[in-house]
Every structure is written in structure tokens, then in C-alpha cells.
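Look over the sequence and the model, then read on.

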Amino acid sequence: MTGSRSDEPRFTIGIDVGGTFTDYVADDGTAVVKGKVPSRPGDEATSVLEALAALGAGAGMDLDRYLTSIDSIVLGTTVVLNTMLEFDGARTGLIANEGFRDVIELRRGHKESQVDLSLPAPTALIPRRLRRTVGGRLDFEGVEVEPLDESAAREQIAFLLEEGIESLAVCLLFSFVDPSHERRIAAIAAEMAPELVVSLSSDVLPQIREFERLSTTIVNAYTSPKLKSYLERLELRLRDEGFGGTLLVLQSNGGVMDVSYSKARGVDSVFSGPSGGVVAATRIAAASGYSNIITADMGGTSYDVCLVHDGEPQLGVDQWVGRYRVAVPLLDIHTVGAGGGSLAYVDDAQGLHVGPESARAFPGPACYGRGGERPTVTDANLVLGYIDPDRPLAGGLTVDEEAARRAIDTHVGQALGVSTEDAAVAIFRIANSDMANALRFISVSRGRDPRDYALVAFGGAGAIHASVQAAELNMATVLVPRSASVLSATGALMADFKVSLVQSLLVDWDNLDLDELNRRLLEMQGEAEQLLNAGDAPGEVTVMRHLDMRYAGQVQEVIVPVRSRTRRITPVNLTRTLRDFHDLHEGLYAFKRPGFPTQVVSLRVDVIAARPRAAMTVSPFADESPAPAHIGRRRAYFEDGGFQSADIFDGTLLQPGNLIPGPAIIHEADTTLVVAPGQEAMLDQHDLYVIEISV
Amino acid sequence: MTNADSIGLEILRRRFEALAAELGAVVGKLARSNGIRENRAFSVAILDQDGGVVAIDNPLHLGLMAGGARCALDRFRYDTREGDVILLGDAHEGGSRSQDLMLIVPITVAGSTVLQIAARAEMPDLGGDVIGSVNPAAREVWAEGVPVPPVKLWREGHQVRDIQASLLMNTRFPAEVEGNLEALLAAIRLGTRRMLAMAADHGVETVLAAAGHAQDYAERRGRALLLRWGKGTATVRGGSGSAGVAGAEPSVVATVELDEGSVSVDLRESGPAVSSALNASLTTTHAAIATAVSAALGPEVPVNGGLLRLIDLRTTAGTVVDAGFPSAVSCGHVYLTALIVELVGAALAELTKAGTGAPARESSIVVITPEKVGEPPPVDLAPFAIAGCAGAEGRDGWGAPHVFSRSLLPSAEEWEGQMAIVVRGMELRCDSAGPGRWRGAPGLTVELGLRGGSQVTSLLFGDEMTLEDPPADRCPERAGAGRERRLRLLYKGGSGYGDPQGRDRAAVLADVRDGLVSIEQARSAYGLQDEEVGP
């Protein structure tokens with residue numbers, strides 16, 4: 001923090017680099033400033049620096065002076081996710097047990113479709129010639145039944161180095177019981193090539209099931225060098241420009257970690273950006289008294305939903321990224337291919353489809369006037385009156401309603417034999433149904449009733465669709481943060497330090513040794529605390545423990561929280577955990593089998609260290625009347641009553657306490673809210689729109 | 001779809017599909033036996049009042065569901081009430097083989113059945129001469145299990161205990177069968193709850209209209225594609241000598257005709273039913289044809305009763321593809337399903353010039369059965385057969401044929417901890433992939449260590465198997481575990497597509513470097529020249 005004066009404000013910055021825009025949020029402890037700059041595809045470092053320059057300019061400082069006034073920068077990054085979509089990661093090699101060279105290619109027999117005979121194999125992250133094996137084997141209890149063939153390990157590593165690998169994944173059977181063979185291979189690799197990036201499966205995911213552990217380890221090995229290079233380059237540039245604070249990276253588990261942790265654990269930041277939105281939505285909703293929410297982020301190509309129960313975003317372990325299994329604990333974000341840019345088309349049996357093919361950022365929807373001729377959800381939203389044809393979109397883009405109408409009429413209206421407006425309605429409804437099915441999947445199919453949750457909508461068009469979806473699912477409330485368009489960056493500002501560890505321990509419940517369980521959990525907690533201390537000086541520390549449990553013979557576990565007030569689990573805690581397992585099982589699958597043999601498969605420990613809270617403005621309530629923000633009326637479509645005149649409001653002029661009855665449309669800086677007839681919107685004291693839906 | 005109302009029906013059609021997938025996932029997670037958890041030999045479907053399949057989670061079972069539903073309807077058309085659960089398990093009455101059970105439950109509103117939910121799954125054993133009910137030597141259906149004609153397992157919300165007791169009495173693994181039925185019922189109850197909520201939200205009439213729309217749409221979509229392919233006829237024939245079953249060589253002859261938007265499959269020239277378990281029930285054959293047609297039409301045509309309307313199937317009773325009561329069918333269900341899908345799929349590929357290659361290949365049957373009752377249930381090794389996918393225009397073969405890729409290979413680590421089977425390795429085999437411009441999927445070597453006295457039942461079609469003690473110096477022994485016998489399976493690869501000489505040279509060289517193609521085969525099959533090989 002050289003060169004700064006003590007009376008100057010100190011900033012914490014959240015930055016989320018997305019595909020089209022880089023969003024930023026700055027907090028100086030008293031106020032929050034937000035904005036966005038266009039992203040530089042393929043050059044996240046420059047995007048970050050341009051965001052910082054924009055922030056500096058807003059604060060009346062040049063970049064180097066502004067950088068000296070920053071305490072910490074928290075990044076949401078798409079480097080890892082893009083690496084897994086573009087397949088441009090590091091040249092990676094693998095060392096596995098003899099006979100297990102092809103586990104990654106066999107992928108437990110999984111194919112994404114049984115009837116799509118044209119479906120090709122996934123892109124190989126490691127070609128077969130770089131997948132090598134060594135002798136040596138442990139059994140399921142960790143007993144060495146064949147010693148590690150160290151000379152073979154040397155030979156294989158030498159071969160891989162000769163082949164030019166930059167990164168090495170090592171995954172041996174039962175390394176989650178005893179990592180010694182993997183560690184020995186890492187030591188040999190370090191001797192032979194100190195610069196080689198090595199990912200051990202026993203470090204990345206010490207969990208039973210070799211394919212899931214291997215795939216996760218390979219994704220880590222493949223993506224980490226690129227993330228490392230990006231973070232090191234960025235940190236160097238920032239330091240050169242005078243930055244003396246801490247650089248942190250948002251993780252897929254909803255926490256943040258420092259650069260030294262992040263650059264070795266690429267797989268942990270695969271959903272870095274999306275998790276920021278969930279964290280922010282959770283915090284903002286909680287401040288206004290909503291702890292049970294479903295977050296819905298509608299972007300250009302996708303719609304991401306996540307369920308938050310009792311203030312805790314749910315964690316999932318079932319994700320596939322780039323057709324590779326990623327089994328580290330991630331926020332349980334479910335994605336469907338329905339976004340603003342999703343293309344609508346009619347098949348030869350007159351069936352209307354929306355997505356998953358997208359018009360992408362370029363050329364984008366037909367109404368962008370950049371050469372796109374096929375209709376998208378955004379085009380339908382324009383024709384239906386939700387988007388103001390005279391108001392530039394984010395980034396200053398103007399829209400061409402005539403082009404939108406032409407595209408919809410040509411590709412949908414004529415094919416279905418309906419008017420352009422009816423065709424737009426049809427596109428809107430089909431897109432909504434796909435999004436509502438995603439909301440059902442994340443709630444109903446996991447034993448939750450959506451009626452118990454509020455829907456938090458964000459992303460550019462999320463709040464256009466939210467009230468219709470909420471009504472369909474009988475949800476009573478829609479929440480839209482005023483910062484909806486920069487929510488991931490806001491989340492980066494709000495997230496705490498967090499380490500999520502998992503360790504397999506396959507044991508029948510009746511044979512569970514409480515002392516052994518406590519010993520292992522404390523060991524994991526110690527490891528997590530050590531990792532956290534490497535970051536900023538942590539604040540209050542919270543520890544959460546879970547057991548993965550199942551009835552004997554099942555293949556899938558239920559993650560059960562262990563409620564304990566102390567560092568140790570007591571017999572009473574354990575009894576309660578078993579009861580909770582039966583109840584959770586019943587909630588998920590409509591039955592339980594108390595008395596049936598139960599197993600523990602894995603232990604989970606999350607250690608969370610609080611970061612200083614971002615400033616949350618609390619504004620006093622103004623008058624109920626929103627009249628000063630009323631800027632006109634426009635014809636718009638509503639399911640209840642068809643096209644009708646709606647009140648239009650400039651959201652930036654609305655005051656907390658203003659009450660807006662539907663039909664109404666509120667234009668915020670980069671977001672639009674649609675309030676249907678019979679619904680009411682109110683801006684609350686935390687800059688959160690609350691839309692009440694009569695169900 | 002021509003107006004806004006039909007959009008509403010389309011939205012409900014998608015809800016049906018999402019629900020069927022969700023319910024299928026529930027069965028997979030909850031079931032007790034490995035045939036369901038890993039082989040994933042199960043399905044859940046939403047049916048209309050007439051047994052038409054509205055949505056199903058497993059395309060392989062479309063014809064099986066329709067057959068079972070038709071049979072249940074014939075038996076109980078005027079005798080179905082709220083709370084009834086109908087059980088079926090007779091290969092020759094709407095079924096496939098004795099060990100596959102199906103449950104059908106009516107969804108009633110105000111006392112009338114509006115829709116039905118059905119679930120079916122493979123059980124680990126339902127009696128017969130051998131443990132596991134897979135009996136290659138069986139000559140009659142009783143030697144491979146106890147047929148269960150349509151009966152009520154629950155009547156108006158009350159379990160019919162004598163039926164349940166009788167069923168569990170006739171299996172060597174009652175706990176597993178009971179657990180599996182519990183899983184099927186859990187999914188059905190969940191589905192019923194969801195469907196009733198849908199009916200309450202949208203009205204019964206709308207939901208029924210949507211069930212009709214779903215099937216009409218699939219039919220329209222499929223017909224449009226078939227019309228685009230025009231007319232044509234192709235005849236294909238196949239069958240196989242199988243290791244270990246004398247005098248039992250099934251012969252299948254299929255004449256496939258595309259005409260005016262429909263597919264006619266004539267199997268009447270097929271050979272007579274054989275005196276072994278290598279026969280198929282008519283329901284099995286119908287399901288295989290539906291699978292082949294669905295694969296030819298591709299993912300754009302929903303898999304439901306509408307697709308079945310496109311198919312005209314002709315068979316002669318008493319032939320191997322329509323073997324009547326009391327023919328044995330426990331192995332034919334697996335073998336002939338694959339063979340018919342392969343033959344009919346190949347004929348359709350030829351007629352449509354779709355370049356999809358063969359959608360299936362013959363499937364070997366390898367089951368590890370316990371020495372005696374009281375030991376863990378049989379283990380079907382079908383999920384290990386991750387090989388056999390043919391090459392197709394634009395892609396090499398990979399893994400198992402797509403239509404049979406539903407199985408989930410067990411985790412070697414979980415198996416070793418929980419079963420008397422140790423996975424010693426499974427690797428792709430050099431030169432096992434059929435050459436082609438787009439080569440087939442490589443074959444696979446699987447090595448398993450067997451402990452204890454388990455038996456291996458096998459019926460091999462083109463694959464190889466050995467079972468032997470390992471060399472003493474390579475035999476890892478553990479106290480009490482005894483010596484491991486080594487089971488070695490060599491699964492053959494998939495066939496190639498197109499002229500191998502036209503294969504991209506870089507792809508040939510990559511296969512050589514990856515150890516999938518030897519330099520000798522690269523020269524002989526792909527015409528690789530020495531100067532192309534490089535240093």
C-alpha cells in the first residue's frame with residue numbers, strides 16, 4: 001500500500017469478467033460504485049485493468065494512484081470454464097495403475113444420448129499416448145499388494161517430458177485411503193522436472209470412485225497452468241502499476257481464496273463467475289429477510305438456477321463441464337440452454353423450439369442489427385413490448401424492432417400460420433416453460449416445494465421472465481436486486497474465504513467409530529484452516545461438517561449436515577444425523593427405511609472465514625407514489641389479458657417505498673423488470689425490488 | 001401446432017418428458033440390485049388411459065412398456081380402481097422374460113382413470129433352474145423363472161399380502177426383489193403426486209389433450225422425416241452360432257420397407273423358435289424394432305407411443321422372434337434385441353443413406369452367479385462391454401453402441417470393497433477396431449479377479465472369455481480371501497464405416513501412436529506408406 005495517504009478512502013473491488021462485459025463493483029466502506037466495460041475476448045487481464053481504470057476515472061484518479069488505494073481485488077473468472085469449452089488447456093500427461101489407462105475414455109460407459117447416433121466422443125484432454133501406467137497397487141484398505149515400480153515411474157515421466165507435457169495428473173486406485181504411491185510419483189516428478197505442474201488425485205479429490213476422481217484431477221491438471229499464468233501475469237501487472245493489496249479469486253463453492261491456492265486448483269474455480277451471483281443474491285435477499293430463495297441468472301445463452309435453503313446455497317457434486325465429470329463440491333447450479341440469445345425455430349411437424357442453439361454475442365439477436373436474421377428470445381421480448389425500442393441496451397447498443405418483427409414473422413409466424421405478435425408470445429411461453437422446468441428440477445426433484453421459496457432474478461433479462469415463471473410455480477415473491485446486472489461482481493465483494501474438503505471413509509453405520517470419525521474430521525478441519533491462513537487475516541471462522549450417507553446397496557448418497565455445537569461430534573449428534581438422513585431421504589425420494597443398514601461413504605468439512613462485510617446501504621422509505629419516476633405508457637403483452645397499456649418507470653428515479661402496481665415495466669440501468677397485472681412491485685430499503693404475486 | 005393453445009399443450013409435453021426422466025433417476029438411485037443400479041435395466045413411463053406411452057425415460061423399453069400396458073388393459077379394463085397396483089411378469093403375456101417385472105398404477109380423478117404410470121425393472125432372480133434366472137440351457141419358460149401373469153399387488157390402497165408373499169417365495173433374493181419393487185413404487189407414487197398437481201393446475205381435460213398431443217407430435221415429426229427418405233426396401237439376415245448351446249442357432253430375416261411415411265418390418269422369414277433360451281417374445285421383438293426406428297429417426301423425434309404408430313411389424317407365431325408359450329427366452333431377450341436392432345438399423349441406414357452405421361451389435365451374456373443361495377446376488381457383466389460402437393459418417397465409433405449406452409460401469413474401488421470381485425484392469429485393445437474411413441470403437445480387455453466359488457454363466461457372440469488361476473508369482477493374496485481366479489474377457493470392437501483408404505492420414509498416425517492400430521494394420525488396412533510414417 002505504498003504511496004497512499006492515510007486519509008484517502010480504501011477500496012475493495014469485485015470484478016467479474018464475462019463473455020460480453022466485465023462488471024465491476026467498488027466499495028469504500030461507505031458507498032458502492034458499479035459499472036461495466038466491454039470484455040476483451042481471450043485477454044482477461046486487460047479487461048480487469050480496463051475495469052479498474054474505469055473505476056479510477058470515476059473516482060477522479062489515474063490508474064496507478066487508484067491501485068494504491070485498493071485493499072483487495074476479488075476476481076470472478078471464466079478462464080477455467082473457457083479452457084474447458086475451447087479445449088486449449090495445458091499439454092497434460094497421466095500416470096495411472098496398470099490396466100487403468102483408459103478409465104477417462106471409457107467414462108463408465110456414459111453417453112449423453114442413446115438415440116443420437118451422430119454424437120461424437122468427447123474431445124480428449126489427454127491423448128492415449130500420454131496416458132501411461134506404472135506397476136504397484138493398494139487394496140481397498142490401503143494395504144500394499146504390489147509395491148510401486150519406481151523405475152517405471154521414472155521412465156514414464158521421462159517419456160512424458162520428452163513429449164513436452166506441461167502438466168501431469170496422477171490418479172492411482174485407493175489413493176484416497178493411502179496417498180503414498182501418488183506422493184512418491186510426485187516426488188520423482190519434482191526431482192526430474194521441478195517446474196512441472198503436478199495434480200494428485202489424493203489432493204484434488206480424495207474420494208472413492210476412480211472415474212470421478214480421475215476426471216476431476218485431469219480437469220485440474222489441464223486448466224490450472226492456464227489459470228496460473230493468467231493470475232501471475234495479472235498480479236505482476238497490478239504490482240507494477242502500484243497495487244499493494246490482496247488479489248483473491250472467487251471459487252465455485254461460493255467462497256474466495258488467494259492466488260497461491262487458486263493457481264494450483266483450477267478445477268475449484270470452474271464456476272467462479274456464476275457462484276458470485278448466487279452469493280450476492282443470497283446475501284442481499286437475507287438482508288431483506290428472505291433466507292429461502294431460488295436464484296435465476298438469465299444470460300445470453302443460458303439460464304442458471306440454484307436453490308438456497310436457510311441462507312445456505314446448496315452444494316452439488318454431479319456436474320459435467322465440457323463433457324468431463326467434475327466432482328469437487330460446487331454450488332449446485334443447474335443450467336439450461338435458454339437465454340436472451342436462444343434461437344427460435346419451427347420443425348417440420350410444426351413444433352416450436354427455443355434454444356439451445358444461440359445467436360451468441362455476435363451477431364446476436366436480429367434486433368441488434370449486426371447481421372443476425374434468426375429470431376431470439378430477446379427479439380420476442382422487444383416485440384412483446386418489454387424492451388424499450390428507444391432505449392440503448394448495455395454497452396450503448398440500439399435495437400431495431402422492425403428487424404426483430406421480420407425475423408419472427410419469417411421463421412416462426414409464417415411457419416405456424418400465426419401473426420408476428422402471436423409468434424412472439426409462443427417464443428416467450430416456450431422459453432418460460434424451459435426455464436420453469438429448470439426451476440422445478442432444482443426444487444421439486446430434490447424434495448423442495450418451490451412455494452416455500454422466493455425467486456431472485458438477475459442477469460440482463462431475468463426479471464422480464466421471472467414473474468411469469470413464479471406465477472406458474474405458485475411462488476409468491478420475486479426479488480430483483482437493483483444491482484442485478486453486476487451481481488456476480490457484487491458477489492465477489494461479499495464472499496467469505498471458504499475451503500471445502502472431502503475425504504472418503506466407506507463404513508457401515510453400525511461399525512462407525514466415533515473417535516475415529518472425530519479424529520478424521522479434526523484432521524480435515526486442521527488442513528482447511530491451514531489453507532485459509534495462507535489468505536488474508538481471517539475473521540470469524542465457521543466450520544460445517546457433512547456426511548455422505550446411503551442405504552446399503554445404493555449407488556448415490558445423500559449429503560447430511562452434522563449438527564454439533566462443539567469441535568467434537570457427540571453420540572447424540574450422531575443419532576440426530578442418522579435421523580436427519582432418513583428424513584432427507586424421505587423428502588427426496590418419498591420413502592425412508594429406518595432400521596435398514598446404512599453406510600457412510602464420505603466426510604465433508606467446510607471451513608469459512610468471514611471477510612469484512614461490504615457496505616449495504618439502507619435507505620429510508622419515501623412516499624408510496626412512484627409518480628416522479630413514471631416516464632410514460634407502452635403497449636405490452638401479459639398472459640392475463642393479452643396486449644394492454646403498461647406504465648413505464650425509470651428505475652433509477654424510483655425511491656425505496658415506492659409501490660408499483662402491474663401492469664408495469666421498470667427500466668433499471670441494465671435490467672428490465674416486468675410486473676404483470678395483479679402483481680405489485682416495491683423497492684425496499686436495501687435496493688431490492690420485491691414483486692408480490694397473488695397466488 | 002397452429003395456435004396459442006397448442007403452445008400450452010407443447011409446454012405440458014415437455015413437462016411429461018422432464019417428469020419421466022426425473023422418475024427414472026429416482027429408480028436408479030433407490031433400487032437394491034445391480035441390474036438396476038448399474039445395468040440400468042429399468043424404465044418409468046407415463047401412459048394414457050389406453051396404454052399409449054406419453055413419455056418414457058428409456059428408449060429401449062418403449063415397446064416393452066406398450067406391450068405390458070396393453071396386456072394389463074386386456075385383463076383389467078373394467079376392474080381398475082384408485083390405489084390398485086398391477087404387477088406383470090410373464091414373458092409371453094406382454095413381457096420380455098420372467099425376471100423382468102412391471103408395475104402399472106392408474107391415476108384417478110373423481111374415481112376415473114385419467115392417466116397411468118408404469119415402471120419395469122430387471123430382478124436379480126425369479127426362480128427357475130439356475131440362480132439368477134439366466135439359463136442358456138432352458139427349453140421351457142419354467143426353467144428360467146416363475147411367470148407372473150397380470151395380478152393386483154395392491155388393491156384399492158391395500159397390499160395384497162398373499163401375492164407379495166408368493167412372489168417373494170419364488171425368488172432366491174427376496175430382500176433385493178422387495179427393495180426393487182419398493183423403488184419402483186416410490187417413483188410411481190412421486191409421479192402420481194406430480195401428475196395430480198398438474199391436473200389440478202391445468203385441468204384434467206388439458207392434461208389429457210397434452211398426452212394426446214405428445215404422441216401426435218412424435219408421429220407427425222417421425223412421419224415427416226420418413227417421407228423425406230422416400231420409398232425403398234432392404235432385406236437383411238443374421239443369426240449366430242453360439243458357444244455352448246448345441247442345436248440352437250436362431251436365424252433372423254428382416255425385410256424393411258419405407259413407404260409413405262411408415263416403416264414396415266417383415267420378420268416372417270425368420271427361423272423357427274429354438275430349443276434353448278435364445279428366443280424372443282413378440283413384445284421383445286417389437287421393442288427392438290422400435291429402438292432401431294428411434295435410433296434412425298434421431299433425437300428430434302420424441303420417444304413415445306406416436307413413434308410406435310409409424311411401425312408395422314409382421315411376424316409368424318412360433319418363429320424365433322415371436323416364440324410363443326412356453327418357449328424359453330431369458331437369453332434371447334438380450335441377444336435377439338441387439339441382433340434385431342443391428343439388422344433393422346443397418347437396413348434403415350442403407351435405405352435412408354443417413355451414414356449412421358450399425359446402431360448395435362450382438363451382445364454376449366456373461367453373468368457371475370453365486371455358488372449358493374445366501375451369497376450376494378448374481379452380477380451381470382453387461383456394463384463392462386464398453387465396446388462395439390460402429391463408426392459413422394463424421395465420427396469414429398466410441399464405447400458401446402449408443403442405444404446400449406445406458407449402463408453405468410461400476411466403480412472398481414467400490415466393487416473391491418463390497419464384492420468378491422476385483423477389477424484388475426480394463427484397457428482398449430490394439431487392432432480391435434473395425435477399419436474404415438471412420439473406424440469403429442476399439443474392443444476392450446477386461447480382467448477380473450474372482451474370489452470364492454462363484455460360477456460364470458456365459459453365452460458369447462464374437463467375444464472371448466477365459467477363466468483361469470493366475471500365475472503364482474502374480475497372485476496377490478490376502479488373508480482369508482483365498483486365491484483369485486482370473487476372468488479375462490475380450491470384447492470385440494465396432495465395425496468401421498466407409499473406405500479405410502480414405503481415412504485422414506493424421507488420424508491413422510494418431511491411432512498408431514496411441515496404440516490403437518499397429519503399424520502393420522495401418523499398412524495393410526489403411527494403406528499407410530512408409531514415407532508417411534516418419535521417424
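How many residues does helix H6 of chain B have, and how far does H6 reach from its first C-alpha to its last? Helix H6 (residues 204-229) of chain B has 26 residues and reaches 38 Å, close to the 38 Å expected at 1.5 Å a residue. The expected span is 1.5 Å times one less than the number of residues.

This is a predicted model: local features need pLDDT of at least 70, side-chain atom pairs count only at pLDDT 80 or more, and totals for chains, interfaces and linings use all residues. Residues are numbered from 1 along each chain as its sequence is written, chains are lettered from A and ligands numbered from 1 in the order in which they are written, and side-chain values use heavy atoms, leaving out hydrogens and water.

**Chain B helices**
- Helices (H or I, at least four residues) and strands (E, at least two) are DSSP runs, numbered from the N terminus.
- Gly230(B) follows H6(B), and its phi is positive, near 75°.
- In H4(B), Gln164(B), Leu167(B) and Leu168(B) meet Pro174(B), Val177(B), Glu178(B) and Leu181(B) in H5(B); contact means heavy atoms within 4.5 Å.

**Chain A overall**
- Chain A has 17 helices and 35 strands.
- Its C-alpha atoms fill a box of roughly 80 × 65 × 55 Å along the principal axes.

**Asn432(A)**
- Asn432(A) lies in helix H13 (residues 420-443) of chain A.
- Asn432(A) is buried, with a relative accessible area of 3%.
- Not counting residues up to four places away in sequence, Asn432(A) touches His465(A), Val468(A) and Gln469(A).

Notes:
Buried means under 20% relative accessible area, exposed over 50%, partly exposed in between (1.4 Å probe, protein chains only).
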